Amino acid sequence: MKRLFRIGAGKLIFSLMPLLSWLCLSYVLGDNRISNVFSLTYAIQFVYSLFVAMFGSGANIRREKEQDKNATQNGMFWGTIFATIIFAIPLIFIDQFIIFFGQDVEFYRPYVFFSIALLYVQTLFAFVIQRLYFEDKEKLANIHLFSFNIMQFVLLIGLSALLPNKMLALSITLIAVFIYVIVLFIWKFEKFKIDFKFYKNIKYESAGIITDLFFLIIYLFGFKNAFSAGPEYLMALNLVSICTDSQWDALGAISTVAKVDLSKNRYEYQKELKTGYIYALILISSSIIMSILLAYINKVSMLLVIAYLIFQVVDMISDPFLSIMDIYTQLNYSATINSVIKFFALVVRTIVSVCLLSAFCTDIAQVFETAVLLLFYLIIRIKKYKVIDGELSLKPITTNINNKKL
């Protein structure tokens, strides 16, 4: 339980501080529209997740599973190169990106640029954090997570309040956090051989990579539909996203613990499942409290906030079981089958998100995906696994010869 809460605390800090930054920045500069930048760049967060899965956790899992000491450093090397190229695309076409969502280019340009650039820096930072997790250094990871985010928050809010030039405040903040990451890269650097084996990381994170690719599409086009419903829907959706996104990231600690411990053959299924549900209930409660409180303070439609919130709560309740079965299926049963399951569920979610012309399209689609995943993972859990002394083990393969088991 302690490891889950330590890793969860780090993920919560990493996710919560940027959210608080946008809320506080909107108050400091006196314009609530600034907080909407979180939702406008929400889809790009899955570019970040994709790179972390491929070159962060995927590389570290391969290091453990294949005893390839070159995997982690090589993953960080190629991850940095590819992330630099891919994140440059929306930054170069920043005006077209904002127009796509039907928003005011002149107003949002500096903030959207800052948000995407910060996600790039956070991607590089996450490579180091993933490495520390797999080295069983959660406390040290949390120290850096706290330091990085406090520095980013203090500089952004402090400089924005003190300097009349908002571009200068945003630029100084970006430069400072980028220097922090460069120092971490130098600190964790070890000699390695450049090779092209990074593609092997896909095997260990294929389901996650597929998920991130689909989420990129879902939230690009789904949020475009939602935003077109009107400013009151944008405000409500953005507020609930701010109040639940950090909790969703914190819930990711369940998967992280499973990945690390299963790769090291030390995971305790029943104990971790129970702990995961206790942990999820705490995060659900905090999401509800924050959403209602901020809706009241910011005079956002309480009815719309509650409607968006219900969808998130339903999905959070199912997350511990789904996360654990996802990792078990991926690492211990069949990465191919797991990828097919995730692919099918995401196709359903994508179709509903893109085709359903509703302000709730992304949330309704999310519930559809959860239902599909629950169905398939329950079948796998019942048909392929059994619990022995708290451990989840694959049932032995049997062959019938004269009605006898071998």
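Buried means under 20% relative accessible area, exposed means over 50%, and partly exposed lies in between, with a 1.4 Å probe and protein chains only. This is a predicted model, where local features need pLDDT of at least 70 and side-chain atom pairs count only at pLDDT 80 or more, while totals for chains, interfaces and linings use all residues. Residues are numbered from 1 along each chain as its sequence is written, and side-chain values use heavy atoms, leaving out hydrogens and water.

Q: Is S26 buried or exposed?
A: Let's start in helix α1, residues 2–28, where S26 lies. Helices here are DSSP runs of H or I with at least four residues, strands are runs of E with at least two, and both are numbered from the N terminus. The relative accessible area of S26 is 3%, so S26 is buried.

Q: Which residue has its backbone oxygen 2.5 Å from a polar atom of the S26 side chain?
A: Look around S26 first: leaving aside residues up to four places away in sequence, S26 touches D31, N32, I34 and S35. Contact here means heavy atoms within 4.5 Å. The backbone oxygen lying 2.5 Å from a polar atom of the S26 side chain belongs to L23.

Q: How far apart are the C-alpha atoms of L237 and S39?
A: Find L237 in helix α10, residues 231–263. With a relative accessible area of 4%, L237 is buried, and its contacts beyond four places in sequence are F223, A226, F227, Y308 and D363. L237 and S39 are 198 residues apart along the chain, yet their C-alpha atoms are separated by 8.1 Å.

Q: Which helix gives the most to the nonpolar patch?
A: This surface patch covers about 920 Å², and its residues include Y27, I288, Y296 and V314. Patches use residues with over 30% relative accessible area and no salt bridge, joining like charges within 9 Å and nonpolar side chains (Val, Leu, Ile, Met, Phe, Trp, Tyr) within 5 Å. A salt bridge is a side-chain nitrogen of Lys or Arg within 4 Å of a carboxyl oxygen of Asp or Glu. With five residues, the one that gives the most is α11.

Q: What is the relative accessible area of Y296?
A: Y296 lies in helix α11. Accessible areas come from the Shrake-Rupley method with a 1.4 Å probe, and for residues only the protein chains shown count as cover. Y296 is exposed, because its relative accessible area is 64%.

Q: Which residue in β2 stands opposite I388?
A: Strands β1 (residues 385–388) and β2 (residues 391–394) pair in the antiparallel sense over four bridges; pairing takes at least two bridges found by DSSP. Two residues separate the strands in a hairpin, and D389 in the turn has a positive phi of about 55°. Opposite I388 stands E391.

Note on methods
A polar contact is a pair of N or O atoms within 3.5 Å; within protein, one must be able to donate a hydrogen and the other to accept it, and residues adjacent in sequence count only if both atoms are side-chain atoms.
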